[in-house]
Amino acid sequence: MYAGDAAPPRKPVTVPMLREFKRDRQRITMLTAYDASFAAAMDEAGIDAVLVGDSLGNVVQGRRTTLPVTVDDMVYHCAAVSRGLKAALLVGDLPFQSYATPDRALDSSHRLMAEGGAAMVKLEGAGPLLECIEFLTRRDIPVCAHLGLTPQSVRKMGGYRVQGRGDEAAARLRADALAIQDAGAELLVLECVPNAVAAAITAELQIPVIGIGAGVACDGQVLVMHDMLGVAMGRRPRFVKDFLGEGGSIRGAIRAYIDAVRDGSFPDAEHSYES
Ligand code: KIV
């Protein structure tokens with residue numbers, strides 16, 4: 001094959017393209033990564049977005065919760081991942097209390113973007129956080145919000161449970177989702193929410209909704225890499241699927257995950273929650 005016959009490089013995924021994916025009904029694929037080599041394998045397989053999640057507290061550092069993760073940890077892992085990416089959008093998680101005030105949120109986000117190479121930052125919650133979302137987005141910092149099961153609230157919630165069950169909780173979740181969109185968020189991660197609730201929110205929002213344990217009607221899906229490869233420690237949540245078996249190798253598993261999200265075969269009923 002001549003060099004000229006090689007497939008042209010993939011167009012880098014940008015924040016505005018996320019809404020185009022939603023408009024075109026092209027499901028968005030996202031995985032977490034924490035280092036350059038796995039990030040490069042995901043990028044080569046055609047993943048749309050890579051999240052450096054504060055789940056690194058669990059799967060990399062071996063902690064019971066994400067609460068001890070620091071901004072320094074996030075900057076270190078974002079920078080490593082960004083060196084492995086050519087086209088995928090890099091989203092960096094803001095760790096617990098690093099966005100307790102708008103000024104702290106600006107400082108932390110600035111570090112994730114300037115030192116870590118993130119194109120977007122993610123934060124958990126709505127209500128008092130709406131001020132932060134507005135503050136950041138007005139300063140050209142793209143924000144991904146995270147609602148439903150928000151692991152940084154584990155102490156307040158008393159454990160990791162499905163959220164949005166029952167009319168009242170579903171209505172609250174819907175109102176929060178609309179509020180984060182109004183505040184300027186460009187993307188929403190919905191975690192552990194019944195299918196029907198996630199489907200209604202996805203249909204109502206203009207911004208894309210990425211589900212994790214939120215059913216197939218979302219605009220895209222995310223999984224923690226270690227879950228997708230079946231190597232995470234501890235109890236495996238219902239929504240997790242190990243793709244290594246069917247993929248046959250790490251690269252095969254990544255491709256199998258991307259294909260299953262794009263063709264709508266993941267998540268199926270076995271990997272999601274009814275009301
Ligand atoms: O920290 C993380 O990996 C996340 C995903 C589970 C969405 O927030």
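The model is predicted, so local features are given only at pLDDT of at least 70 and side-chain atom pairs only at pLDDT 80 or more, while totals for chains, interfaces and linings use all residues. Residues are numbered from 1 along each chain as its sequence is written, and side-chain values use heavy atoms, with hydrogens and water left out. Helices (H or I, at least four residues) and strands (E, at least two) are DSSP runs, numbered from the N terminus.

**Pockets**

- A pocket is an open set of points on a 1 Å grid over the protein atoms alone, where a 1.4 Å probe fits, with protein on both sides within 12 Å along at least five of seven lines; lining residues have an atom within 4 Å of a point.
- Grid points are joined across faces, edges and corners, and a volume is the space filled by probe spheres set on the points.
- The volume of the largest pocket is about 1000 Å³.
- Its lining has 38 residues, and Asn-58, Tyr-160, Glu-191, Asp-227 and Pro-237 lie nearest the centre.
- At least two lining residues of the largest pocket come from each of helix 3 (56-59), strand 4 (120-124), helix 7 (154-157) and strand 6 (187-191).
- By class, the lining of the largest pocket has 17 nonpolar, 9 polar and 12 charged residues; Ala, Val, Leu, Ile, Met, Phe, Trp, Tyr, Cys and Pro count as nonpolar, Asp, Glu, Lys and Arg as charged, and the others, Gly among them, as polar.
- The second largest pocket has a volume of about 820 Å³.
- There are 28 residues in the lining of the second largest pocket, with Gly-125, Ala-126, Thr-150, Ser-153 and Lys-156 nearest its centre.
- Helix 6 (130-137), strand 5 (143-148), helix 7 and helix 8 (167-182) each give two or more residues to the lining of the second largest pocket, and helix 8 supplies the largest share, 4 residues.
- The lining of the second largest pocket divides into 12 nonpolar, 10 polar and 6 charged residues.

**Nonpolar core**

- A nonpolar core is a set of buried Ala, Val, Leu, Ile, Met, Phe, Trp, Tyr and Cys residues joined through side-chain atoms within 4.5 Å; buried means under 20% relative accessible area, exposed over 50%, and partly exposed in between (1.4 Å probe, protein chains only).
- In the largest such core, of 89 residues, those that touch the most other members are Leu-112, Ile-180, Leu-188, Leu-190, Met-228, Phe-243 and Tyr-257.
- Helix 12 (residues 250-262) contributes the largest share of this core, 7 residues.
- Contact means heavy atoms within 4.5 Å; beyond its neighbours within four places in sequence, Met-228 contacts Leu-31, Leu-223, Lys-241, Asp-242, Phe-243, Leu-244, Ala-253, Ile-254 and Tyr-257.

**Lys-241**

- Lys-241 sits in the loop between helix 10 (225-228) and helix 11 (244-247), and counts as partly exposed because its relative accessibility is 21%.
- Not counting residues up to four places away in sequence, Lys-241 touches Leu-223, Asp-227, Met-228, Glu-246, Phe-266 and His-271.
- The side chains of Lys-241 and Glu-246 make a polar contact at 3.0 Å; a polar contact is a pair of N or O atoms within 3.5 Å, where within protein one must be able to donate a hydrogen and the other to accept it, and residues adjacent in sequence count only if both atoms are side-chain atoms.

**Helix 2**

- Ala-39, Ala-41, Met-42 and Asp-43 are buried in helix 2 (residues 36-45).
- Those buried residues pack against strand 1 (28-32), strand 2 (49-52), helix 4 (71-84), helix 10 and helix 12.
- At the start of helix 2, a side-chain oxygen of Asp-35 comes to within 3.2 Å of the backbone nitrogen of Ser-37.
- Gly-46, with a positive phi near 100°, follows helix 2.

**Backbone geometry**

- Phe-266 and Pro-267 are joined by a cis peptide bond, with omega about 0°, and Pro-267 lies in the segment after helix 12.
- Asp-140 is not a glycine, yet has a positive phi of about 65°; Asp-140 is in the loop between helix 6 and strand 5 and counts as exposed at 67% relative accessibility.
- Cys-192, also not a glycine, has a positive phi of about 55°; Cys-192 lies in the loop between strand 6 and helix 9 (195-204) and is buried, with a relative accessible area of 5%.
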